[in-house]
Amino acid sequence: MRAGERNDGMTTATRDEGPEAAEIRAQEEVRAQDDRDRDDQDPGEGRIQEALATAATLAEASGGLGAPGRPINRRSPFMVGLAGAFGVAVAYGLVELVIRARSVLIIIGLAAFIAAGLDPIVGWLVRHRIPRWTAVLIVIGSAVAVAAGFLAAAIPPLATEATAFAHQIPHYMHSLQDRNSDLGKLNVKYHIQQRLSTLLTSGGSSLVGGVLGAGELVVSTVSFILAVLVLSIYFLIGLPRIKVFAYQLVPHSRRPRVILIGDEILAKVGGFVLGNFITSVIAGLGTYFWLLAWGVPYPILLAIFVAFLDLIPVIGSSVGGAVVSLVALTVSLPVALGTLAFYIVYRLAEDYLIVPRVMGRTVQVPAIVSLIAVLIGGVLMGIVGALVAIPVAAAIRLLLREVAIRRLDES
C-alpha cells in the first residue's frame, strides 16, 4: 500500500474513533517519535536529558536544590594518594619559600623581636592613659634622641682618635722594625710587616675591589637597618591587633591557654631585650673607664665596640675583650694581660651578678642551654641568630614544660 493511501486510512480510522481513542493514539505516536529520536541521538546526550528531567522534578518537589548525595569516601586509595601528594607539594612549597625569602624573613623576625622588646614600655605608657600611637611616638622619639646624643658625644672624639691613629702609623711601623719592642717580636714571629706590604702591593685591582666591596657592604647594612627600623615601628603600633589576629587562628576552646602562653613568651622577649640593653651599656662604661685609667688608646671607640658586641649573649663580651686586649698590647704587655684579666672577671660578674639582677627571672634559661642556643643560632643565622637565640630557647622551654611534658605525664 502506498504512503498516501496508508495516511488516508489512518485519518479515516481516526475520524471513525472516539475522542479518547484519538488522544491515546496521538500519545502513542508522540512516544514512538521520542523513541526514534532517542535512537538517533548520542547515548550520552540521552543521559544528560534524563538528568535534566530528574533535576526539574526534584526542583518542583523540594522547592530547592535537592538533598546532598553520598559523601566521597576519603579512605579510598585515590583520595589517600591525592591527599598525600598534596601534602608533599605544600611542604615542598613552604620549604622553598623559606629558603628563597630567608633574608626577608630575617628582617621581619628581627623587627618583630625588637617590637616585642619595646612593647612593655609602650604598654606602661598606655596603662597611664596615654594613647598607643602617642606612646609609640614617645618611645621612638626617646630612642632617636638617645642615638643622636650618643653620636653627638662620640663623633668628635672618634674623629680625634682616628686622626691621632693616622699620625701614629709611622711610629707603629718603626716599632714593627724594632725587634726589642713587643710589636717587633710579634712581627718577627708572624711577619706582620711583610704581610702588610704584600697586601698593599698586590695590585690596585684587588684594592679597588675591596673598596667597592666595602661600599656595597655599607649600603646593604644601612638598608637592612632602615628596613628593620621601619618594620619595628609598624609592628609596635599594630602589635595588639597582630596578637588578636594570631589568637583568632586558634580553636575557641584552646584560646585562653594559648593567650596565657603567648603573653608569657612576649613578656620573656621584652624582659630579655631591655635587660640585654642595660648589660651592654654597663659593659661599654666599664670598658671606657678601664681603658681611660690605663691609658689605652681609643677608649671611646673600643667602648662602643664592646657595648655593641655585648648585645650578643654569652660570647659577645668575650670576643670584645679579646680584641681590646690585643689593642692594649700597643701600650705594654702587662697592660694587655691586665686587660685580659679584667674581662675574665667581668665575664664572671656579668654571668653571676649583673644578668641575674637585671633580668631577674624573666627568661629562666639555664647557662648550658643559653650557650648551646647561642652557638646554634649563630651557625644558622649569624649575629641575628645569636641575638634572638636565648628568647627562642626560653619560648621552646616554656612550650615543652607547659604542653609536651604535661601530656607525657598524663599519657
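1. Helix axes here are lines fitted to C-alpha atoms over the stretch in contact, and angles run from 0 to 180 degrees between N-to-C directions. Helices are DSSP runs (H or I, at least four residues), numbered from the N terminus. The model is predicted: local features need pLDDT of at least 70, side-chain atom pairs count only at pLDDT 80 or more, and totals for chains, interfaces and linings use all residues. Residues are numbered from 1 along each chain as its sequence is written, and side-chain values use heavy atoms, with hydrogens and water left out.

2. Look at H5 (residues 102-127) and H10 (residues 255-294). Their axes come within 7 Å and cross at roughly 90°. The two helices are therefore roughly perpendicular (65 to 115 degrees). Contacts (heavy atoms within 4.5 Å) involve Phe113 and Gly117 of H5, among others, and H10 residues including Leu266 and Phe272. By class, this contact has nine nonpolar, two polar and no charged residues; Gly counts as polar.

3. The largest nonpolar core has 21 residues. A core is a set of buried (under 20% relative accessible area) Ala, Val, Leu, Ile, Met, Phe, Trp, Tyr and Cys residues joined through side-chain atoms within 4.5 Å. Phe113, Phe272, Val363 and Ile390 have the most contacts inside it. Helix H14 (367-410) gives the most, with nine residues.

4. A second, separate core of 13 residues includes Tyr343 and Tyr346. Tyr343 is buried, at 7% relative accessible area.

5. Rings pair if their centres lie within 6.5 Å. Phe342 and Tyr343 have ring centres 5.1 Å apart and planes at 75°, so the pair is edge-to-face (over 60 degrees).

Definitions and conventions
Parallel < 35°, antiparallel > 145°, perpendicular 65-115°, else oblique. Phe/Tyr/Trp six-rings, centres within 6.5 Å; stacked < 30°, edge-to-face > 60°. Buried < 20%, exposed > 50% of the residue type's maximum accessible area, 1.4 Å probe, protein only.
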